[in-house]
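Please find below some notes for a colleague who is meeting this structure for the first time. They are meant to be read with the sequence and the model in view.

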Amino acid sequence: MTEGTAAANPVLPDTKAKPARRHTLPWKTRWLGVAFIAVLLVMWEMAVATGTISSLSVPRMSEILVTWWRLILSGELLRELGDSLWRMFVGYFFGVSLGVLLGLLMGYFRLFYNLLEPVTEVLRPIPSPAYLPIVILFLGIDDEMKIFMIAFASLFPVLINTYSGVRSVDPIQLQTARTFGVAGRKLVWQVVLPAASPYIFTGMRVSLAVALIVMVISEMVAASSGIGYFILSAQRGFKIREMFAGVLTLAVVGYVLNRLFVAIENRVLAWHYGYTQQLRN
Amino acid sequence: MTGPSRPFLRIRGLRKKFVAAGGTTVALDGIDLDIVRGSFVSIVGPSGCGKSTLLQIIAGLVDATSGAVFLDDCSVEGPPPSVLYVFQQYTRSLFPWKTVERNVAYGLENRETLSRASIAARTREIIGLVKLTGFERYYPWQLSGGMQQRVAIARALACRPEVLLMDEPFSAVDALTRAGLQELLRSLWRELGLTVIFVTHDVDEGVYLSTRVVALTRAPGTVAADLPVELPHPRDQIATRSLPQYLDYRAQLLAQLFADEGLVATEVA
């Protein structure tokens, strides 16, 4: 993804602040941290093998990995994961879209701000598990409930950041557009949205983490599929290795999603990093 | 384009009051100006005298409290298509998410129903005119201050405006860059038959560039001096600035501004 950015701007090789990767000693790079994870896993393995930790509640790491691999090969884990990710992305998509829309309206029209700010501030602090039972009453325990939960929880970080972004658009940029006769919806598309996009991305990144959490919680409370359901039912059936394999899957998924997000963000907001750097100089 | 002497921008009894918590400030107090087509008018004055406000009212960005601006006998109620504005803060006026060529094409894409090809052609042409060929794919923030201001000028000129309003456009760049931008602006003004209204706090810059210099008093701003500048064209940074007439215009204006500030008591002949 980062390489793709460089290729898109062939005339500007010097602007990407990252220097070409040279041979650096491994303990001066992120490989140090990767090695640390490996050490922790080996310590885990040893602690269980030597009986320091009871193997009843914590299996050996090697056993977990073997189970994990078996579950992947059988397709079981991927099926659960697919159900979960589908819910998460649909919910996230609706939450982000509505958050951007409401944030724009609130930032752009004082009326919408006065109308929606209080209700936002009342609903936002409620931890999502607290209203989960209410949502079940209305939407049941199927996908609709989970998608709603995820969308609702993803909404607020995006809404608040979009609002801040719209409020902080440089008035000179708006005036510039006005001198070219640009106003109304065109102004929003051409100036307000791009200028607020760094804020919107910040909100989207927070919402992504929130969406993952709410996905797991809602699947643990009521579901017949999904990774949250898988973890909880493994625990209830004393399939401890499967349970750990499910958690491991979430670690990997969370990591990959975040890396993917950062890669997209770096590409879309490349101008923003360059611009703010110039302002600082 | 008609003859260069028809007054086509008329400013009548312009007043602007700003009401704030601390009280009311009168920024402009009765400005009357007739500006002929093709002239280069500089507006000089102390900072805070309302010269930027005057420019924003002419641009239709700010409403006057009373009085009116007429462009070709039409009252200016919003940004007129034939008038474009170049801001002092080029870093904030250029869109940082657009490349140089996208910035320059911005006005064209929004204003005129031109084909993609003719927009590209005109963009290329105007980028050449401000001597930025080769930098089309750069982002503004990758360029020096002088180059960025040239992008902003190109973006305005791409729409072929009749009037170019410039608010201290060269005040944020170093002296050599400023001289280069002044030459570029003068040649564009002459080539394209523009009418330029140029706000500056620098009397020398005003005299050197203009066919007429208007000095405003400190707020409430009124016209303190209105001086036609009859220096020969083409002008030269060294030769023109050494002419006795140049020094005379400069002295007259400075004397006026200094007198307003209470800085000198003696009359300058």
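1. Domain bounds come from an automatic or database domain assignment, and for chain B this assignment gives domain 1 (1–74 + 186–269) and domain 2 (83–160). The C-alpha centres of domain 1 of chain B and domain 2 of chain B lie 26 Å apart.

2. This is a predicted model, in which local features need pLDDT of at least 70 and side-chain atom pairs count only at pLDDT 80 or more, while totals for chains, interfaces and linings use all residues. Residues are numbered from 1 along each chain as its sequence is written, and chains are lettered from A and ligands numbered from 1 in the order in which they are written.

3. Between the chains, the contact takes 20 residues from chain A and 23 residues from chain B. On the side of chain A that touches chain B, α8 (171–179) and α12 (270–280) of chain A each supply at least two residues, and α8(A) gives the most, with 6 residues; helices here are DSSP runs (H or I, at least four residues), numbered from the N terminus.

4. Leaving aside its neighbours within four places in sequence, B:I197 is in contact with B:I35, B:V41, B:I43, B:L55, B:I58, B:V163 and B:L165.

Definitions and conventions. Contact = placed C-beta atoms within 7 Å.
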